[in-house]
Amino acid sequence: MEIIGKISYMETQATQPIKSFYETPSPSRFTGIGAWLLTIDHKRIGLMYMASVMVWFVIALILGLLIRTELMATGSTIMEAETYNAIFTLHGVIMIFLFVIPAIPAIFGNFLLPIQLGTDDVFFPKLNLLSWYLYMLGGFLAILSLFADGPPDTGWTFYVPFSVSTETNVGLTVTAAFILGMSSMLTGLNFITTVHRMRMPGMKWMEIPLFTWSLYATAWVQLLATPVLSITLLLVILERIFGSGLFDPSKGGDPILYQHLFWMYSHPAVYIMILPGMGVISEIIPVFSRKSIFGYKAIVGSSMAIAVAGSLVWAHHMFTSGMSDVAVFVFSFLTFIVAIPSAIKVFSWVSTMYKGSILMTPPLFFSLCFIYLFSIGGLTGLVLGAAGTNIQVHDTHFVVAHFHFVMFGGTGFAFFAALHFWWPKIFGIMYNFKRAYVAAILTTTGFMLHYIPMFILGIMGMPRRYYDYLPEFQTGNFFAGIGAYILVAGVLVMLLNLLISFKNGETSPSDPWGGTTLEWSIPSPPPLHNFVESPKPKGYPYDFTDIVRSNSLNSNDSLNRGSKL
Amino acid sequence: MNPIINPVEKIDAAFLYIIGISLVLLTLITITMIWFVVKYRRSKNLVPADIRDNWKLEVIWTIIPTCIALSMFWVGWSSYAGLRNVPENALEIETIAQMYSWIFRYPGGKETDSKIVVPQGRPIRLNITSDDVIHGLFIPAFRIKVDAVPKVHTYAWFYPQKTGRFSVQCTEFCGIGHADMTAELKVVTEEEYNVWLKSDDK
């Protein structure tokens, strides 16, 4: 790989000016659409994920809006119970498996991990392309299951025996989830190998940027936990087709076993979803504070601690399932342990800003919203982790709100922050700041109005997955519905603003923000082999001394121009 | 005989404890964050300090949250223990979940559908199972929720101290009628209960 790196370096030197990866397909024999569909360039694969993930995101967002519209009034508002059950199942399956899990690792991880490591691609470029095709196949099957024999109506958790006995097309959806799991696993394998084998010569472990560290921690969870889900989903298919009886009590099986197996993956999976988001925030806050991240080693350590401890807390989803009280004790205890590394990260982010030189920009604004919303998500998780209070709010709207605060307020907002942070790097253009702020404020306001009432509804006792509800829950659901519309409007403004930048966005320099990690040292958009000159390890990745010095010499730098956009 | 402790009080205290501390922490984090962003804005503070870590501070903010988390764990656990330890003289009612209704079977053989009547002032133990898929029995007023699992026997107990009507809901998604799988819990006086038990009311 080092040799290839050197050759590419000589090649790019020979051709001046430097062409971006958009102009130089890899392999070079393909042109047009083929240059995308048959590419092995990690940047192009990242962008193919971006296109497909965004489509799924918008579809699932609209499904979510339909759910909340139905719930704005009691009784049947815009659909029947059967449709409602199918819609919340698809909303969950699409959001989880096709948006939240792949969003940050598959788009930004693919694009940036090799660059942050100072190399030209991932270790298995062809496997990387295969992962994308598996992702597309899984998505296609999920859509197909909509039209064949009725859409699935089990919720994204596919609990047995219901998922085995229902007449709808659970088999196809489960197969889709199986294939998507495969895709996620292969991406994890690729990232782990790349981090181990392809760091530029001289780069030590404690010199790896925090975003890549978070992807590394995530990749281990993907690789170790996903097979459990794959096996479980396969067992559901076997139950449905052959009636194997593993989960069927009348044949000596145990339905609770399914829940253990399912959550043994699906709880670690929420850390697959949040860890990369935390990595994004750890990159953005230092750049706009012009100050080193506070406690680099503690953040690295907490990422790994979350990956390990997060794999041991799955049964906190099952306090009411009838499992033993000893298990409740142990899993509640472990759940509180896993809260601590997350708290350390929040403290580190806030402390990074202390005595910094802070410039407000859309990516920083999204990051601050992330810290606020994620903190609410994390703290309400304590209510769920404690055994006694869990019993009251388990399977109610409280869980729905908590989960969305972590997954949407957390991962979703980190994804938005990442979009705004790396947009100029990926496309070489800058978007309009004013519209980005309007979008961020709308999204956050809508978000709060949408989910805060659900906490109250949950404590009052409104269960989740309810098509209809008792009259006392009317007011909360009505306000949540209003919030949903504001939230979706905000997201649409944000996406439109980014799309408009293709038409009239200003050209962005290679380092519009003043970043220190390697991606900011190369042209925007990057050339095919990422680096024009072989990168040299800089030691500590968050040393802002040079940036501060060059900025004080030239106050009219790109950043100040950026802020006036 | 020991006085019966109603688990509801301990659970509500646990809610207050955890949510109270969380609100304080959230406020502190948010205020500090906004204060830093405003105070150290680039137009006022062009040259940043170079602080990379401070192990003393980091140890402190690892230990204090650990202590808080462990105290919350304990408060949560002890309130849960109250839900699991059924007093001795409890009235036992067999509870069977099915798509999409709740069946209650009283000692003596009386059976009701989607309606449960219990005497005031006596602990009630529900022995729960399911006839088909997994359901979840949820009585928010008494803070109890237990899944009804086919061929498995779970239980919950509650202590109705006041008369009134309360709702029972299903909380484990069970199909098209999930949201309609509700029942009414009626707490009546001991005398009314005895009269009702002998009546034909179902």
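Modeller: Start with one strand pair. Strand 9 (residues 164-170) and strand 10 (residues 183-188) of chain B run antiparallel and are joined by five bridges. Strands here are DSSP runs of E with at least two residues, helices are runs of H or I with at least four residues, and both are numbered from the N terminus. Two strands count as paired if DSSP finds at least two bridges between them. One bridge links B:G164 to B:V187 in strand 10 of chain B.

This is a predicted model, where local features need pLDDT of at least 70, side-chain atom pairs count only at pLDDT 80 or more, and totals for chains, interfaces and linings use all residues. Residues are numbered from 1 along each chain as its sequence is written, while chains are lettered from A and ligands numbered from 1 in the order in which they are written.

Now the whole sheet. It is open and has five strands, in the order 4-10-9-6-7 (chain B). The pairing is mixed. Strand 4 (115-119) and strand 7 (144-148) of chain B are the edges. Each has a single partner strand, so one side of each lacks a neighbour in the sheet. On average, neighbouring strands are turned by 20° against each other, direction ignored.

A helix packs on this sheet. Helix 3 (residues 190-198) of chain B touches strand 4 and strand 10 of chain B. Contact means C-beta atoms, placed from the backbone, within 7 Å. The direction of helix 3 makes about 135° with that of strand 4 of chain B. Axes are lines fitted to C-alpha atoms, for helices over the stretch in contact, and angles run from 0 to 180 degrees between N-to-C directions.

Methods: Contact = placed C-beta atoms within 7 Å.
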